[in-house]
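User: I am new to this entry and would like a guided look. Could we begin with a term that I will need later on?
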Amino acid sequence: MAVPVVVEAVWVFWPAVNSLWLSLTKWNGAGPPQFVGFRNYTSMASDPVFRQALVNNVIWLVGFGGLSVIGGLALAVALNRPRRLVGLYRSAIYLPMVFSLAVTGLFWRVLYQPDGVVDSVVGGVGLGAFAKQWLADPDTALWAVLVAAVWRQVGYLMVLYLAGLKGCDPTLDDAAAIDGASAWQRFRYVTMPQLRGVNTVVFAVTVIDSLRTFDIVWTMTGGGPYHSTELLSTYMFEQGFTFLNLGYGSALAVVIFLLALGFIITYLVRAARQEVI
Amino acid sequence: MAGSMVSRRGFLTGAAALGGAVALGGCVSGGSSSSGSGSTGKLTLQATLSTPQPKKALQDIIADYKKQQVTLNFVALEQFRAQLPTYLNSSNPPDVLTWYAGSVARDYASKGFLLDVSDMWEGSGACAKFSPALKKLSTDDKGRQIFVPTSYYWWGIFYRKSMFQKWGVEPAETWSGFLKLCRTLKGKGVVPLSMGTGAGQPWVASGWFDYLDLRINGATFHRDLLAGKHRFDSPEVKDVMKAYKELLPFIDPKGKSLDVTQAVTPLVQGKDAMYLTGAFMTAAVPKDAADDIDFFRVPILDTSVPVAEEAPTDGYFASAKSKHVKESKQLLAYLASPAAEQKYIQESASSNLPTSPKVDTSKFSPLVQKGIQFLNESKDLTQFFNRDSSDELQTTADTALTKFLDHPDQVDKILTAWQADAERVWHK
């Protein structure tokens, strides 16, 4: 018991406390940090890039979370029944997960290039007028990155949900069918409640993954064009490690941490309350 | 419940004990990879090179150095940049480090981090015969030399000779001539200018900004502007943007999705005619087209402004806290020696220029020789936007200039926002 606690304390809690302290200082990595109170937090309020990043993070959380959960669940339900080549489909959909996010980013960057695959597909279905520089246009860049991220995440969530579906009791479903419940009703009122445990895991994974998203944005756009794809994580990296504003960078890290914590505690409290009832 | 209480208390005790231990040990933070350099009498050279050929070249040069044993560490650029203050400020720092000349080095010197190497710049010192422009560049605010430049490269408008012949056009020397050249090319269905500002590399858009400012307002104004002594929404900068706007119809819009190197491809393919970029672009040109690449000077807009060029300079500095001052200077002298410079440039297959006038350049390509002459003719040298200011100010330029490329009609609004962003950097 003592050993893991010690290891955890040294490698996790101590750095975390340190970063909390750093967020109250001004520090460029050289010399002693200079205590500035909450100035890093107040200057966030007037920082337009921070606001943009925050908005983008909300879009990302909802878009990335929503699309990958819906996609993953739909695929899991579709591929849950045994049929021909089902293993092949599952593997194919899970395959993108084996690439790192950075590789995924580089791969999609090629697809999005002018006259690239995406443009050809858009042109091929007669929507050639909509072909554009997906990653260079601030109106589409964030969504273009989001699609790439969902493409990778969806297989992962599918596997989680498949595992959850395997744990569902098929006799409940049969009983409901005999009672005359429609397919949707059976899914909504019989299957979904049994997936509650999986949902908690999926929710936590999704919130954490979307708040720590960094590599895919960094490789695809670097946060540009003009901060339109900036997320809190990329902005934190830029402030902390490119500009050496380690105090401000730490303050951003604390904000990300609080956001993650807030979401997850709210959810866990809600889930726990439902379980009691 | 009881169990969790115990574990919580256990955690708190453990955390407190360890916190103390870590706090005590915390003093030795930094310079992680440099440890062990001090007492053994070995020198440490901390370098950030990522491309294989230059890396190999530096390894070979150090292998040939017999005076002391040198430990050569390679660190990825982002990490190197972030750790640099820590490296320099640790109690047992790496002795010699690679970095850039100009404002960035001067900034560290003003904090007292850099070794004074003025003696290398006088008498029979290794840098004594280097050009006055390089000396000025390596001098800090107190008039001391703190940097040893070993190579630099030039910026110019690159093009393919055979393509220009095919289209029947010639390089232009004046602004009106250049715009006419662009119009002619566009009339022939060729995109006049390539510029790769996409794929996370918006800094490329600063190339034209820097040059137009140098041509219209001169190098002194440009440096002062980047240092915060002038405003980005001043009439002078508005003139620069007016000239930049004249170029916009000729710039390849697809460049917004390409990075600095990828944008060389349309030039090689003959789809785009010209590209204002650094001499490093030759590394992206296939071998069979290499001899076909030529460049010309960015056209003159105002003949009364002394001609300045961008010549980003790389080299080395040493830590003020180095425990081996004499040996570090010997290593710096070796790295700046004609033989080492020549070996580095030839092995790394770059189009970099040597800083030592004694390097035998006869074996370098005609393009590089033209580059040497080109820079020798210029009255003043600047580095590039980020090197003349800071990486942080560079991002304000990136935001402003890429927005300008998309919305040139909002130029006044963009410049006002740029000034506000820049002030946040200057007065933090």
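Analyst: Let us begin with handedness. A crossing of two helices is called left-handed if the near helix is turned anticlockwise from the far one by less than a right angle, and right-handed if clockwise.

User: Then which handedness applies where H2(B) passes H14(B)?
Analyst: The crossing of H2(B) and H14(B) is right-handed. Please note that this is a predicted model.

User: At what angle do helix H2 and helix H14 of chain B pack, and how far apart are their axes?
Analyst: Helix H2 (residues 52-63) and helix H14 (residues 338-347) of chain B pack at an angle of about 150 degrees, and their axes are 8 Å apart. H2(B) is therefore roughly antiparallel to H14(B), since angles over 145 degrees count as such.

User: Which residues meet there?
Analyst: From H2(B) come Gln53(B), Lys56(B), Ala57(B), Leu58(B), Asp60(B) and Ile61(B); from H14(B) come Ala340(B), Lys343(B), Tyr344(B) and Glu347(B). By type, the residues of this contact are 5 nonpolar, 1 polar and 4 charged.

User: Changing topic: what domains does the assignment give for chain B?
Analyst: The assignment gives domain 1 (33-152 + 312-375) and domain 2 (155-310 + 390-426) in chain B. The C-alpha centres of these two domains of chain B lie 29 Å apart.

User: How many residues are in contact between them?
Analyst: In chain B, 8 residues of domain 1 are in contact with 11 residues of domain 2. On the domain 1 side, helix H15 (residues 366-376) of chain B supplies the largest share, 4 residues. That side of domain 1 of chain B divides into 4 nonpolar, 4 polar and no charged residues.

User: What are the mean pLDDT of chain B and the scores of the model?
Analyst: The mean pLDDT of chain B is 83, with 90% of its residues at 70 or more. The model scores ipTM 0.71 and pTM 0.76.

Conventions:
Residues numbered from 1 in each chain as written. Chains lettered and ligands numbered in written order. Predicted model: local features only at pLDDT ≥ 70, side-chain atom pairs only at ≥ 80, totals over all residues. pLDDT = per-residue confidence, 0-100. Axes fitted to C-alpha atoms, helices over the stretch in contact; angles between N-to-C directions. Helix = DSSP H or I, 4+ residues; strand = E, 2+ residues; numbered from the N terminus. Parallel < 35°, antiparallel > 145°, perpendicular 65-115°, else oblique. Contact = placed C-beta atoms within 7 Å. Nonpolar A, V, L, I, M, F, W, Y, C, P; charged D, E, K, R; others polar. Domains from an automatic or database assignment.
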